Amino acid sequence: MAHRLRPEGLPFVETAPVRLVFAREVSAPPELVFRALAEDVSGWAEWFPAVTSVQPLDDGAGRDVRLRGGTRFRETVLVAKEPELYAYRVDVTNAPGVRALVEEWRLTPAGAGTRVQWTFAADGNGAFRAVLRLARAGLGRSFRDAVTKLDRRLTP
């Protein structure tokens, strides 16, 4: 059953009760990485294995995301500042125990490539927070695999 989450803004990335931060350097330049994140949202399913589909909504102001296992998110894009920042919040989900969720993708130049940092900021009931903390290693692995696959897709 889908439920509406608390509508947090970008500052939540710094204040959330649970903050998972992962980073990896890739050889693709920030502009290409940003376009893959913010403009080619339907392409996420090709490089992020946990994602089965992403559909843009409201002329790019939102997204409908489906994950493996049946989890769904309806999201609002909070910031799309090329080439350095892409962030969104989840407004509605069928995931149990979640109260608020904001994800931030921060891109900074790293030599000829990009340092990609993903912050997963969340609040939820005690069980949700405990599970999320236990899932840190798996989420980190998923992020690393996805960003590596994205980099292969963007660079010859």
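Colleague: Are Trp-44 and Trp-47 buried or exposed?

Modeller: Trp-44 is buried, and Trp-47 is too. The label means under 20% relative accessible area; over 50% is exposed, and partly exposed lies in between (1.4 Å probe, protein chains only). A caution on the source: this is a predicted model, where local features need pLDDT of at least 70 and side-chain atom pairs count only at pLDDT 80 or more, while totals for chains, interfaces and linings use all residues. Residues are numbered from 1 along each chain as its sequence is written, and side-chain values use heavy atoms, with hydrogens and water left out.

Colleague: What makes Trp-44 and Trp-47 a tilted pair?

Modeller: Rings of Phe, Tyr and Trp (its six-membered ring) pair if their centres lie within 6.5 Å; planes under 30 degrees apart are stacked, over 60 edge-to-face, and the rest tilted. Here the centres are 5.0 Å apart and the planes are at 45°, so the pair is tilted. Both tryptophans lie in helix H3 (residues 44-47), 3 residues apart, about one turn of the helix. Helices (H or I, at least four residues) and strands (E, at least two) are DSSP runs, numbered from the N terminus.

Colleague: Which residues do ring pairs link into a cluster?

Modeller: The cluster holds Phe-22, Phe-34, Trp-44, Trp-47, Phe-48, Tyr-86, Tyr-88, Trp-105, Trp-118, Phe-120 and Phe-143. By the ring rule, the model has 16 aromatic pairs.

Colleague: How do you know that Arg-63 lies over the face of Trp-44?

Modeller: The rule asks for NZ of Lys or CZ of Arg within 6 Å of the ring centre and within 35 degrees of the ring normal. Arg-63 is 4.5 Å from the ring centre of Trp-44. The charged end of Arg-63 also sits over the ring of Tyr-88, 4.2 Å from its centre.

Colleague: In what sense do strand S3 and strand S4 pair?

Modeller: Strand S3 (residues 51-57) and strand S4 (residues 62-67) pair in the antiparallel sense. Two strands pair if DSSP finds at least two bridges between them, and S3 and S4 have 6. One of the contacts joins Gln-55 to its bridge partner Asp-64 in S4. The two strands form a hairpin with 4 residues between them.

Colleague: What sets Asp-58 apart, given that it is not a glycine?

Modeller: Asp-58 has a positive phi of about 50°. Most residues other than glycine have a negative phi, and most peptide bonds are trans. Asp-59 also has a positive phi, near 55°.

Colleague: What kind of peptide bond joins Glu-82 and Pro-83?

Modeller: That bond is cis, with omega about 0°. Pro-83 lies in the loop between strand S5 (72-81) and strand S6 (85-93).

Colleague: What makes Arg-66 and Asp-64 a salt bridge?

Modeller: A side-chain nitrogen of Lys or Arg must lie within 4 Å of a carboxyl oxygen of Asp or Glu. The closest N and O atoms of Arg-66 and Asp-64 are 3.6 Å apart. Arg-66 is partly exposed at 34%. Asp-64 is at 16%, so it counts as buried. Elsewhere, salt bridges that share partners join Arg-6, Glu-8, Asp-123 and Arg-129 into one network.

Colleague: How far apart are the closest N and O atoms of Glu-14 and Arg-19?

Modeller: They are 3.8 Å apart, and the two residues form a salt bridge. Glu-14 is exposed at 57%, whereas Arg-19 is partly exposed at 31%. The rule gives 14 salt bridges in the model.

Colleague: How much space lies in the largest pocket?

Modeller: About 520 Å³. On a 1 Å grid over the protein atoms alone, a pocket is an open set of points where a 1.4 Å probe fits, with protein on both sides within 12 Å along at least five of seven lines; lining residues have an atom within 4 Å of a point. Grid points are joined across faces, edges and corners, and the volume is the space filled by probe spheres set on the points. The lining counts 26 residues, and Leu-67, Phe-73, Glu-103, Phe-120 and Leu-139 lie nearest the centre. The elements giving two or more residues to that lining are S4, S5, strand S7 (98-110), strand S8 (113-124), helix H4 (126-134) and helix H5 (136-154). S7 supplies the largest share, 4 residues.
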